[in-house]
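Have the sequence and the 3D view open as you read.

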Amino acid sequence: MKRHTTPLRHPLVAVASVLALGLSACGDDTESSPATGPTTADTLPPVDTAPPDTGGDGIEHPTGPDDVVLRIGYEGGFVPVDYAFLNLPILLVTGDGRVIVQGPQIEIYPGPLLPNVQQRTISEAGIQALLRLADEHDLFRDVTYQDDTNIADAPYTVVTLSANGDTYEHEAYALGLGGDGTEPDEERARLASFVEQASDIVTAAGADTLGPEEPFEAASYLIRATVADPSSLDQDIPPTLVDWPADAPVRLADAAECATVPADSFRDLFASATQLTWFVDAGITYQLTVKPQLPGVPAC
């Protein structure tokens, strides 16, 4: 399998820019055709996204549980290290027919330690609808996306597609953040349109395409440990101190960047923890950032 990529840079950006990109990319332009003026949703033809009856003649894609057929996310930007570590895709479709998304987060403090990640099954017709949409937006090829936004420190919109034996990565800087949110460049407009319409396909799919939503159960967790700083606390809400398991396969002193732990051994511990649960290991108190290891993501 060939892997087609364009260089990925990591500029600095404010956290607000990441949130703004999430909103902008979900409301950007539809598919573009050659035009001399700015590309907008009003000037582009609509794309038929109804799930096709493939009859076994659809677009070939990998079918393994750890294979990524489609991944849409945001990378880079001037964000805290823990925020960057916790970054999850907004949409992930696996080869064995699952849609994995970020679920809603309850608005309490301290919130749960574990992020809310949900999954649903998706039919082959639903996968074919997404792949056909990518084909209609001409994304099964190498593309270099121009950056004429003059915006500093913004994140990238990153779309990964695997089909017909190839893997393609599309990375566009500050997509949808320039000016009034339109993309005058045709290639950028196509990518913005695909991100919007792919999300719409999953959102609007019926029961015959998507199964019921349920929590995503990872086989392992990725963790990052930093020495706790008591001066950062709100004095009205003290932390809860919990001993790190003596038989844990990883010592927290060795998890300063990233470590992998089995979910079966840590699911209950992490599920009962909050953002103010601190873990004590070898006499040192640590704060943890924890996320499930998603399909296609290597262990630390």
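**Ground rules**

This is a predicted model, in which local features need pLDDT of at least 70 and side-chain atom pairs count only at pLDDT 80 or more, while totals for chains, interfaces and linings use all residues. Residues are numbered from 1 along each chain as its sequence is written, and side-chain values use heavy atoms, with hydrogens and water left out.

**The chain as a whole**

The protein chain has five helices and 13 strands. These elements are DSSP runs numbered from the N terminus, with helices being H or I of at least four residues and strands being E of at least two. Of the 300 residues in the protein chain, 47% are buried. Here buried means under 20% relative accessible area, exposed means over 50%, and partly exposed is in between (1.4 Å probe, protein chains only).

The chain exposes about 14500 Å², and carbon and sulfur atoms supply 53% of that area. Accessible areas come from the Shrake-Rupley method with a 1.4 Å probe, and for residues only the protein chains shown count as cover. Among contacts (heavy atoms within 4.5 Å) between residues at least 6 apart in sequence, 76% join residues at least 24 apart.

**A buried threonine**

Thr94 belongs to strand 3 (residues 91–94). Is Thr94 buried or exposed? Thr94 counts as buried because its relative accessible area is 0%. Beyond its neighbours within four places in sequence, Thr94 touches Pro65, Asp67, Val69, Ile100, Ile127 and Pro295.

**Salt bridges**

How many salt bridges does a search of the whole structure find? The search gives eleven, a salt bridge being a side-chain nitrogen of Lys or Arg within 4 Å of a carboxyl oxygen of Asp or Glu. Some of them are set out here.

| Salt bridge | N to O distance |
|---|---|
| Glu136 and Arg132 | 4.0 Å |
| Arg141 and Asp138 | 2.8 Å |
| Asp264 and Arg267 | 3.4 Å |

Glu136 and Arg132 sit in helix 3 (residues 124–136), four residues apart, about one turn of the helix. Glu136 is partly exposed at 29% relative accessible area, and Arg132 is partly exposed at 24%.

Arg141 is partly exposed, with 26% relative accessibility, and Asp138 is partly exposed, with a relative accessible area of 34%.

Both Asp264 and Arg267 lie in helix 5 (residues 263–271), three residues apart, about one turn of the helix. Asp264 is exposed, since its relative accessible area is 71%, whereas Arg267 is partly exposed at 23%. Elsewhere, salt bridges with shared partners link Asp138, Arg141 and Glu187 into one network.

**The cavity**

The count comes to one cavity of 30 Å³ or more. On a 1 Å grid over the protein atoms alone, a cavity is a set of points where a 1.4 Å probe fits but cannot get out, and lining residues have an atom within 4 Å of a point. Grid points are joined across faces, edges and corners, and a volume is the space filled by probe spheres set on the points.

The largest cavity holds about 40 Å³ of space. Its lining consists of Leu88, Pro89, Ile100, Val101, Gln102, Val117 and Leu294. Which element gives the largest share of that lining? Strand 4 (residues 98–102) does, with three residues. By class, the lining has six nonpolar, one polar and no charged residues. Ala, Val, Leu, Ile, Met, Phe, Trp, Tyr, Cys and Pro count as nonpolar, Asp, Glu, Lys and Arg as charged, and the others, Gly among them, as polar.

Terms used:
On a 1 Å grid over the protein atoms alone, a cavity is a set of points where a 1.4 Å probe fits but cannot get out, and a pocket is an open set with protein on both sides within 12 Å along at least five of seven lines; lining residues have an atom within 4 Å of a point.
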